[in-house]
Amino acid sequence: MILPNHVNTAVLVFIPRCFSNSQGEMFTWGACGLRKADWPRAGVPITDALREIGERCPSPLGLWKKDAVAIVWAKILLPAPPAASLEWGWRDDGFFSVGAMIPDVNHTALFELVKALAVPRLLVQLLLALPPAVCRQQLEKLVEYISSETSPSDISFFLDVWWELMKHREGQEDATVSAFSALIHQHGAEPSLEDGRQPPKRFKGHPGNPPGLPIWAAAPQEGLKQIRGSIAQPRLRCYALANLAELLCAGLGPGHSPLPITDHLAKLSAVVSLWSSDTHSQFHPCELGEKVREAERSMNLLSLPRPSREELFGGLQLLCSLLQAWGEELQDTLRGSEELCFESYRLLDTLASLGKNLDFLLETRDLGDGETWVLLELTQLTKDFLRDTSAVLKNLDTSLVSSVAMAIIAHRLDRHVDTCSVFASEKTWAFSKAWVECLVKNKALFQNPELVLKLLETLVDFAMSHHDEEAQELQVQVTKAIVECYTELSLSDKNKVISGVLASWGGQGLSQNVQVVREGFQEDLNVTFNQITKSVSDEGLSRAVASMAKLTLLSPEATVKQVCHLAVVNLGAHQFLAQILCSFPALSFLESREDAGRPCSLVLRCLEEAVWGKLSTAREEEQFLQFLSFLMQPGSATPLVSPAEVSKAFVLPYLKSDSPQIELSLQILSKVLGIPSCSEEHWIKSCHPFPLLLSLCKLLDGYTKYWHQPREQPFPSLETKDLILSILCQLCELVGPETVPSSELWVQSLAWLHRKVASLDWTVGLRLKKLYGDYFKHEVPATLFEICRLPEAEWTARRRPAYGPGSGLLAWMECCCVSPALRDTMLALLAVNVGDPQEVNLFSKGFLVALVQVLPWCSQAEWKRLVPVVEQLLQRQVLHVPYTLEYYVQHVPLLNLRPFACHLQLSVLFLRGFQLLCSSSCSTWLPPEAWLHVVQLYCTSLTDLLASIKATAGASSQPCVQEVSFTCIQVFCHLLHVAAMLPAGGCEEPLLVVALEVLSQYEVSSRADTSPCAALRRANEGHFLESITDNVGHEELRSTLLQKLSKLGAHSEH
């Protein structure tokens, strides 16, 4: 074994000098060795040499003292003859080289050396590193030593060693202790007699006895019994009683539990104050940090095993005896002393704990008569002693609590984590210079969400009551330190802090009360988000989240509003910003609002205040919708807002026809209905679904008067009607009878809705069939029964004043617009006698009139549902329509037009409809703005017609390019005819687009014609088309079409 590296060379030089005279000759003490009586004479050169070592080796840890004690003790424990020790000593014994230079010594030299160095702790560290048998022997030596010729210094030394034994902690051995332990374990002999004396009586607790107190805990009790008569000083008596009572506490009570941290700090402060005021205390000259460290050791004793019953009651009897002998005198002393010393404080504190444990023991154990008597006697003695003396504890100085707490934090002492919690929340300590300095220097200890929140609460409390310049400077320092602690937290912990901030101070967060947070915040906000929006990428996401985390801590509301604003105005940044926002689930916070009876989502309020009502373009609206959708469905992240919350914020308040946001609200409702519910019951049922349905029905009812609404009165566009119909269909499925079977409330709600809808247009009720189920029949005008075979089990007639005689076809056609299913039902139930020419003619004329009446009020989807009705009737030859007008046919070509007959008839039907619509009888029926909508529907149908012509030609087994050309020419002529009849202004653009499409399709088919007369035919057709186009009144339409035709003619010549 090699001597530990830290052993100073001065130790090697001076230790031998401790045991030699002025001439350098080693001391010898005869056969019996050095005795206690010899120490006053022999100890002088030893203590002088030790003093010189201390001056030359000023180690703050006193390591040289441990080396000195270890060397002397190793010399005692390894007394092998030189011949035997030489073989292994130089090789294995790190202490051999020094030990060989000093004379044989005994325990007197050891114990007096330890007393002279005042290092009982070092003795205990080395003692407990010994093998158990050797440890037992050495304790016996100690008791034997102090029991002989006992002096006050012996008593103090003994009590110090006992106290250190109880405070010792395993696992803190340094190199010297480890080397010493290894040496003795490897080469130490069995315990042997020394100085020819008889062995003392063995203490209880040796390995052969039943489990109980370890030898180091049992031995001091025996020593106390032997020296009790020599203990005369009140201070030492308090010390002895406190040690014994502390030891016995381990065997009583329900077990050890730590004190609450505030009580712990108060006790530490009391102990430190006592040491600071007591000049006789060994810790009086120590610095605060060392005092606190030592006070912690005094309070956190080694966890002892429970003593055996015999050991326990032996100790209790001894304590009882000592209190009977010393109690009255100690009471007088404590009552008369001006200042409490640590030993007396510790006695009072320990007796108070013991008293509680005695009560516990009396209640929970089966006791013999003698045991009960001891406990009752000791309990009474303890109560009497404390009753007369505990008053002195009330005057303890606890003014150092804050300083003690800061020392614990600065030195990372026991329970420093708990202490940080008190430090962060104790308002009376906060913002002193020492407090701020402690926080700044120990920021790493406060990187915990709970601590950050407590610091923030303390900051806000201080900021609200201190506004001077110095206070502002301190707030800046503390805010910076807190933000740095917060920055080091994980994202989940940051969310915990944000949740706490929102719960404590609402959306404004710290900025509401802390002025230093508000100063410069807006600038930081702008700079940060400028950087974020420039780094839209997956790589930039984590950096953006970190940057936003700080801003969200300081002012959640302002930060969220900025995100919402940028998500709308920054092209393409909405999803990236939504990802950032969804990284903070804490922002799903629901805040109470004075003007609302329900909590409101912070994010939705910020959206409402920062964006809602300020969207100026369709692109901004689209980005807003996508941003909102991502917040509800952020993929793997937690949704920040729920569909129900969104509906309550942006839909329900705005479902009124005169609301400027009605169309956007409907788009939002459509999106949220597409989000699946997370629970068994769909979320829409928490959003008042039946009033919502009624609102949608009222909107649909408004469309029946769409073109006659006052212009100044806002109303959603006809394009929005399809969206409303889609939403209504979704809602009916979500809240239909199958979703809430046999619910009385549901049935009552349905009846309420039915009553309300009855006052609206009758077609609205038809759209609720999925909701009504079998509860209500289809309610239609009575005239519908005139042309349909309607089963009375499902249909019922209602008198409608607007539907007089001959209006059955109008009602029938309106039914066809409701849904594909109802359209098919109407076609199946239609009753027309095709064998009666007069009935077919009347039906065809009535159909045209009904079509013209329905057309202007149709949405795109409704019109697309209605056109197939016309096609089916034409195919079934129920509807009679000519193929074209005679003045558009120069001759009857020998062509097979049968595949294109329906296309030609449909085009003619549209033309006839416009003839009626543009006639003098209908001239005032539609306002100017209605014509554009009607033309757009017409053009949509022509586009679909052209696609159908192309598909029919492609599916034909025979070449039909001439037939396609002919059909296109007829459609073109019909289109120009319609254009000529329309009121001037606003309708030309869609007509021009479709006309160009017709000519393009004609061009394709015409070029594909390879017959011998193809060139002549193209020339004739070109002249015919140009002559028709020349008659168009609108100059731009005419010139554009003629230009297109001239290009066709030029191509045909090549």
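The count of aromatic pairs comes to 27, where rings of Phe, Tyr and Trp (its six-membered ring) pair if their centres lie within 6.5 Å. This is a predicted model, in which local features need pLDDT of at least 70, side-chain atom pairs count only at pLDDT 80 or more, and totals for chains, interfaces and linings use all residues. Residues are numbered from 1 along each chain as its sequence is written, and side-chain values use heavy atoms, with hydrogens and water left out.

**Aromatic pairs**

- The ring centres of Trp73 and Phe180 are 5.9 Å apart and the planes stand at 40°, so this pair is tilted (planes under 30 degrees apart count as stacked, over 60 as edge-to-face and the rest as tilted).
- Trp73 belongs to helix 3 (residues 63–77) and Phe180 to helix 10 (residues 175–187), so the pair ties together parts 107 residues apart in sequence; helices are DSSP runs of H or I with at least four residues, numbered from the N terminus.
- Both Trp73 and Phe180 are buried (under 20% relative accessible area, with a 1.4 Å probe and protein chains only).
- Trp275 and Phe342 also form a tilted pair, because their ring centres lie 5.1 Å apart with planes at 55°.
- This pair links distant parts of the chain, 67 residues apart: Trp275 in helix 13 (residues 261–277) and Phe342 in helix 16 (residues 342–364).
- Trp275 has 1% relative accessibility and so counts as buried; Phe342, at 8%, counts as buried.
- Phe423, Phe431, Trp435, Phe446 and Phe462 are linked into a cluster by ring pairs.

Technical notes
Helix = DSSP H or I, 4+ residues; strand = E, 2+ residues; numbered from the N terminus. Buried < 20%, exposed > 50% of the residue type's maximum accessible area, 1.4 Å probe, protein only.
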